[in-house]
Amino acid sequence: MFKTVERPDAPAAIRMDIGAIFVSLELSRSTWLLTSVSPGAAEKMSQHATPAGDLRRLFECLAELKRKALARTGKTYPIIVIQEAGLDGFWIHRALEREGIESHVVDAASIAVPRRRRRAKTDRIDGKTLLRTLMAFKRGEPRVCAMAKPPSVEEEDRRRLGRERKTLIAERVEHVNRIKGLLFTQGAIDYQPLRRDRRARLEALRTGIGDPLPARLKDLISRELDRLELLLAQIKAVEAERDALLAEQSRQAPAAAGMLLAFKGIGPEFAAVLWLEGLFRSFANRRQVAAYAGLAPTPWRSGSIAREQGASKAGNPRLRATLIELAWLWRRHQPKSALTLWFEDRVKANGGRVKKALLVALARKLLVALWKYATTGLVVEGAVMTTA
């Protein structure tokens, strides 16, 4: 015989009192969905929608939640808000902190979700998931999610220099390729748009059979050159501002960017990217440094299965791409350094195979070594410095 017993409201071992008003923000271009749990509301989740970008309405909703909690319990509770890192950046987070509200920005990819082949996904479901994640995080559950560390306004603004230059370089390549492609259809294959005498050479250019270029084609290429010259001027201005920023930072302490320039093979662009994209932050250990760049290993081990999946690629893509490029050049400019010798020995031991995989490992080691140098002054063993 089965005996029916009353089920308690909640197991005593995990019962907890809510000591704050927990709110999650599910952001979209048209609507912000607020999901909240307040003390004295029987731990029930409530949801409210506000127009996107309307901070006044958002603060009114938060104030209303605070007023209702005060009416139910006779106490005033703090508000804790969570949102996903996304297209909105960190301006909402900064607005909440200015109002004295505790705010958190979470990496959405770090939140555990059901692994079913087809699972329901709506803003209401995502808002509740965010709220449960925030409450677990505040309870102190280990590794429940990865909270982002929002940069300051100054740190975020400094990074725009390197990113703008990369965009301008990509646009320059597009215009150069377009000009060369247009001329290639006429048999003119020796024209270099980046030369200073590009205008004079265009006037003297002939087709493959010796005829002058068609008038409309010449006008089209001339307009392409106008856009190309504008890009070249903008790239020059951005690089000048970058160099001025590096010079200013070199006079401060700690001068991480100036210290990186002391290595042979590291120029202003590499130093700027390494500093502005990664080394301006503080890290607790080398694992955090590698993970931030997406160069941390990702093992797959279950029972008798043990294999490596390669670098995680979950970090800063700009920093990671720069480090891979720097690793190639490091072997050329620092052939006697301990890192280069380690790489060559490993390649030789593997018979020349898995060279690309070892280069990623070299990039990870190089990042850790440069981080140690920028923070503690520990010089990379065997590295050649350009300054005394």
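**Close-ups of salt bridges in a predicted model**

**View 1. Asp-157 is partly exposed, with 48% of relative accessible area.** This is a predicted model, and here we zoom in on Asp-157 and its partner, Arg-160: their side chains form a salt bridge, 3.4 Å from N to O. Arg-160 is partly exposed too, at 47% relative accessibility.

**View 2. Glu-239 and Arg-165 pair up in a salt bridge.** The N to O distance comes out at 2.9 Å. This one links distant parts of the chain: Glu-239 sits in helix α7 (residues 215-250) and Arg-165 in helix α5 (residues 160-184), 74 residues apart. Glu-239 has 23% relative accessibility and counts as partly exposed, while Arg-165, at 19%, falls under the 20% cut-off and so counts as buried.

**View 3. Arg-178 meets Glu-224 in a salt bridge.** Their closest N and O atoms are 2.9 Å apart. Arg-178 belongs to helix α5 and Glu-224 to helix α7, so this pair ties together parts 46 residues apart in sequence. Arg-178 is partly exposed at 41%, whereas Glu-224 is buried, with a relative accessibility of 4%. As for networks, salt bridges with shared partners join Arg-165, Glu-239, Arg-242, Asp-243 and Glu-269 into one. In total, the structure has 22 salt bridges.

**View 4. Residues 1-8 have pLDDT under 50.** The model gives this stretch zero contacts beyond four places in sequence. Residues 11-15 also stay under 50, with two such contacts. Across the chain, pLDDT averages 89, and 95% of the residues score at least 70.

Technical notes. Residues numbered from 1 in each chain as written. Predicted model: local features only at pLDDT ≥ 70, side-chain atom pairs only at ≥ 80, totals over all residues. Heavy atoms only, no water. pLDDT = per-residue confidence, 0-100. Contact = heavy atoms within 4.5 Å. Salt bridge = Lys/Arg side-chain N within 4 Å of Asp/Glu carboxyl O. Buried < 20%, exposed > 50% of the residue type's maximum accessible area, 1.4 Å probe, protein only. Helix = DSSP H or I, 4+ residues; strand = E, 2+ residues; numbered from the N terminus.
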